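Let's take a walk through a protein model and pick out a few spots worth a look. Keep the 3D view open as you read.

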Amino acid sequence: MMNTKKLILPSVIGCLAAGMTVAPAYAQDQQAGMLEEVVVTGIRKSLTDSLSIKRNNSSIVEAVSPEDIGKLPDTSIAESLARLPGLAGERVAGRTSGISVRGFSEEFVATTLNGRELLGIGDNRGVEFDLYPTEFLTGAVVYKTPDASLIHQGLGGTIDLQTRRPLESERVMAVNGSFEWNDQESKNPDFDDQGYRLSFNYSDKFANDTLGVALTLASMESPTQEMESAPWGYPDVTVDGEDVKIFGGNKPYVKSAMLERDTVSGIVQWAPTDRLSITADALYIDFLDSKVKRGLEEGGPVWGGTDWTATEVEDGLVTAGYLSGFHSVMRNDSNTKDAELSSFGLNGTYQLSDDWSIELDGAYSESEKSLIDIESYAGVGRALTDDQGPATARSFVMGGDFGIMYGDHPTLSTPDFSDPSVIRLAGPQAWGGAIAQFNEGLNNAQDGFVNNPNFEEELTSLRATVEGYVDFSIFNRVEFGANYSDRTKAKDNIGVFLTAPGINTNLPAEEQEAVGVPEEFIVGTTDLSYLGMGSMLAYDGLGLYQSGFYTATDARTFEPDRLGDTYEVSEELLTLYAMADFQAGRFSGNVGLQAVNADQQSSGFSTVVRENSEGQAQVVATPVTGGDDYWDILPSFNLSYELTENQQLRFGVAKTQTRPRMDEMKPNNQIGFNFDDGRRESDDPTFSAWSGSAGNPALPPRSSVNVDLAYEWYFADDGHLGVSAYTKDIDNWTTEKAVLTDFSEFIIPGYHDQGIDELISTSGFTNSLTSSAEGKLDGIEVQGSLPMRLVSERLDGLGMIASATFLDGEIEETREDGTVIESKIPGLSEETYQLTVFYEKNGFEVRVSGRKRDQFLTEGRGLSLLLVPQNDEGATLWDGQIGYDFGAAGFDSLDGLRVTLQGQNLTDEDTVKTEEDDSRRVIGYQSFGRTFLLGVNYNF
């Protein structure tokens with residue numbers, strides 16, 4: 001028997017993205033009595049290829065392929081993957097970047113490139129798919145059930161991205177280009193709202209088809225515009241004797257960003273004999289995402305220290321009122337994500353005999369990422385000074401598009417934040433408790449901050465495989481081998497406090513000065529009227545910082561969560577595996593086993609704030625290490641039963657695992673103290689100045705035992721119906737246990753002299769990691785594709801693809817006192833739907849695609865750019881495309897030319913994140929607008 005998966009996957013350009021496919025069709029010439037091949041390209045070709053992969057694979061899979069060379073149907077591979085049954089996309093900054101598979105976010109999904117483990121530029125293992133351009137890919141296969149030869153596995157599944165093999169394809173030379181724009185004008189005067197995509201693909205064979213070369217060059221600039229509201233949270237208050245929630249403040253932004261990405265991919269394939277084939281490949285990606293964020297950060301009741309009055313309360317939430325007495329912090333922030341990724345691989349296959357072969361594969365990849373987030377504070381004057389300008393006064397109403405809307409205060413006025421003559425480059429709030437240690441107790445000396453975490457990651461892998469055909473009972477093929485990988489990830493968490501000119505340590509706080517914004521750094525104004533806040537002055541905060549305008553103070557000296565979040569994690573994995581294929585009548589499948597040895601080690605720091613010899617608070621950091629070494633056994637079994645020639649039943653059972661997150665494996669322990677006034681003066685331990693945290697370098701992998709049952713009916717080359725049900729029993733799930741702690745022993749003697757005016761409570765929470773939780777996930781997937789020509793020949797060219805996924809799952813942890821804590825699985829939406837309707841004939845094509853997912857648990861950036869859990873309310877996204885293929889339309893002189901117009905987020909859907917137990921309590925609301933691309937593709 002032939003190993004279908006091994007033969008098809010490396011060479012197929014196969015499969016449509018969950019709703020955009022179709023296939024070569026063959027029509028019979030009745031008059032001539034001959035079979036005439038009708039060449040079909042675009043959407044219809046993709047569908048046939050994808051169903052062919054799905055039908056012939058021994059596992060339950062989905063697939064994606066380009067409609068033409070260098071052209072997937074979307075601007076991102078993530079957009080295409082998000083259309084597949086059982087998969088769901090997550091938007092980050094307006095782009096689909098993360099992918100959930102069967103209810104698990106990308107952190108719990110293995111991602112490979114041609115079967116090799118793939119690095120990303122995320123903080124952990126999950127791959128950010130907008131890093132990889134579609135132009136150098138020839139497809140992707142998503143394994144929902146594994147077999148033993150699939151080395152890299154995840155709880156949700158495995159996504160294998162695939163590139164061209166020049167000896168297995170025809171000659172190609174293609175140029176693709178597109179012009180991109182957003183229907184929202186640029187929200188900031190110093191950023192553009194237009195971009196482009198350019199790519200060149202070349203592949204050819206030489207020396208009597210024994211040498212193949214493939215090259216891809218791709219470059220893009222992609223703009224995004226965003227309006228955001230980000231309430232701080234919702235503390236408890238008492239209104240008319242009733243305990244209710246109220247928003248604690250807000251940090252709204254208008255953002256403009258530009259993603260720049262340049263990619264070079266090259267492959268050389270050499271087959272000097274029929275028995276030997278050698279392939280070398282290289283990939284380089286240069287990635288830069290630049291962003292400005294401008295807005296007015298304003299305190300609310302309780303945490304903001306404002307005067308407030310509630311005018312409406314509904315179902316435990318203050319829904320309207322007014323506030324005053326807070327000096328608004330005008331933010332002109334900048335954020336950049338600068339990354340590079342390089343990958344090199346060498347593969348050799350030798351045919352030992354007609355039945356046996358050996359394969360060796362080695363690869364090395366590395367990535368570097370630097371995040372720079374610059375906060376620049378300004379307002380009507382420096383906090384606590386005698387000449388600080390008037391405070392802000394507003395009314396507020398909860399609800400509406402952004403969760404909250406501001407208006408005029410009934411009696412008080414608000415300063416004009418767009419007037420340069422009243423704006424000063426100084427912190428309007430006394431948020432500088434920490435920097436006061438180095439400024440004679442002046443806690444009004446902080447005028448900005450720079451978060452700058454840096455990541456470096458390396459991965460080396462080597463794999464040996466032997467496979468051959470046998471004749472032993474029902475078994476017809478065996479495969480066995482070993483895979484070794486060595487992976488290291490390091491994080492250096494750097495932070496810098498910024499102080500603008502005007503600070504004089506010889507003067508008391510009330511006599512400090514502040515300077516205006518230098519004219520050469522003013523770029524215009526930014527409109528905040530979408531929240532009822534008017535407009536504000538826009539200046540170049542990044543330029544100020546880079547010019548040396550600010551005095552910079554290293555935060556690692558007195559912030560324990562800097563070195564406390566600096567670490568290096570390394571792991572060596574050795575995977576031994578064996579698998580046997582079998583066939584008995586209409587039954588076929590495989591059985592296999594993996595034995596995985598993990599040697600994981602990490603190093604970092606334990607940190608605490610202590611008093612130094614000069615009576616100042618200072619971080620004391622002690623190097624720490626930790627790790628573990630263990631074996632895991634992962635069996636797998638796949639069975640297929642051919643009901644009829646076109647109908648199959650599939651059954652699979654396997655144990656899979658996901659390696660611990662990198663940030664969970666750090667050995668660091670830290671005791672933190674926040675110098676913010678609101679936290680020091682709070683008796684709420686959830687909003688305490690004190691905190692503690694600990695990593696766990698000995699964490700085991702999360703694991704699950706999976707059972708799958710599927711029915712598939714292929715009633716046409718491009719038509720099918722499928723239903724699958726599955727269950728996953730989850731073990732060793734990592735949870736964070738928060739323990740109420742008395743931090744009295746960590747109080748610094750004489751803390752009143754360190755700028756800490758008042759300390760109400762010494763209680764807070766210490767968070768530690770444990771792997772004692774368990775869970776279960778049940779799912780049902782329904783999918784189908786229908787070419788409408790089967791209904792009526794008049795509808796030839798019209799088709800639709802649809803799918804629905806229904807999930808139910810949670811994690812449960814039983815505490816020592818018997819209390820059961822339930823939590824969500826990150827990435828799980830209870831319901832997900834996909835629909836694509838397309839028409840393609842005589843060169844003309846039109847497609848409309850929609851996808852909807854329910855709310856799900858995700859992550860966002862918190863303090864110090866750390867990842868924190870957030871609840872995403874989900875979204876319904878509609879995209880469309882109109883295209884014209886001149887060659888398919890009969891214009892021979894223009895054969896190879898195609899023009900397309902794409903529209904994304906056509907209904908202008910927003911992203912909403914809320915507190916977990918009340919969707920009215922919005923903590924993040926983002927509006928991105930619609931994006932359009934006008935593209936030209938030409939194949940020589």
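This is a predicted model: local features need pLDDT of at least 70, side-chain atom pairs count only at pLDDT 80 or more; totals for chains, interfaces and linings use all residues.

Before we start, a word on names: helices (H or I, at least four residues) and strands (E, at least two) are DSSP runs, numbered from the N terminus.

**A negative patch**

On the surface, a patch of negative charge brings together Asp-729, Asp-731, Glu-774, Asp-778, Asp-808, Glu-810, Glu-812, Glu-822, Glu-830 and Glu-831. Which strands supply at least two residues each? They are E36 (719–742), E37 (763–787) and E38 (798–814). E38 gives the most, with 3 residues.

Is Glu-810 buried, partly exposed or exposed? Partly exposed is the name for anything between the buried limit of under 20% relative accessible area and the exposed limit of over 50%. Glu-810 has a relative accessibility of 30%, so it counts as partly exposed.

Now jump to strand E12, which covers residues 211–229. Why do we call E12 largely enclosed by the rest of the structure? Because 14 of its 19 residues are buried.

| Partner of E12 | Sense | Bridges |
|---|---|---|
| E11 (residues 194–206) | antiparallel | 11 bridges |
| E16 (residues 253–270) | antiparallel | 18 bridges |
| E47 (residues 918–927) | antiparallel | 3 bridges |

You can find individual contacts in each pairing. Starting from Tyr-202, look across to E12 and you'll meet its bridge partner, Leu-215. Ser-222 has Leu-259 of E16 as its bridge partner. For E47, look at Gln-926, which stands opposite Glu-228.

E11 and E12 also form a hairpin, with 4 residues between the strands.

**A buried glutamate**

Our last stop is Glu-79, which you'll find in helix H3 (residues 77–81). Is Glu-79 buried or exposed? Its relative accessible area is 8%, so Glu-79 is buried; the cut-off for that word is under 20%.

Glu-79 and Leu-150 lie 71 residues apart in the sequence, and in space their C-alpha atoms are 24 Å apart.

Note on methods. Residues are numbered from 1 along each chain as its sequence is written. Side-chain values use heavy atoms; hydrogens and water are left out. Patches are made of residues with over 30% relative accessible area and no salt bridge: like charges are joined within 9 Å, nonpolar side chains (Val, Leu, Ile, Met, Phe, Trp, Tyr) within 5 Å. Accessible areas come from the Shrake-Rupley method with a 1.4 Å probe; for residues, only the protein chains shown count as cover. A salt bridge is a side-chain nitrogen of Lys or Arg within 4 Å of a carboxyl oxygen of Asp or Glu. Lys and Arg count as positive and Asp and Glu as negative; His and the chain ends are not counted. The place of a charge is taken as NZ of Lys, CZ of Arg, CG of Asp or CD of Glu. Buried means under 20% relative accessible area, exposed over 50%, partly exposed in between (1.4 Å probe, protein chains only). Two strands pair if DSSP finds at least two bridges between them.
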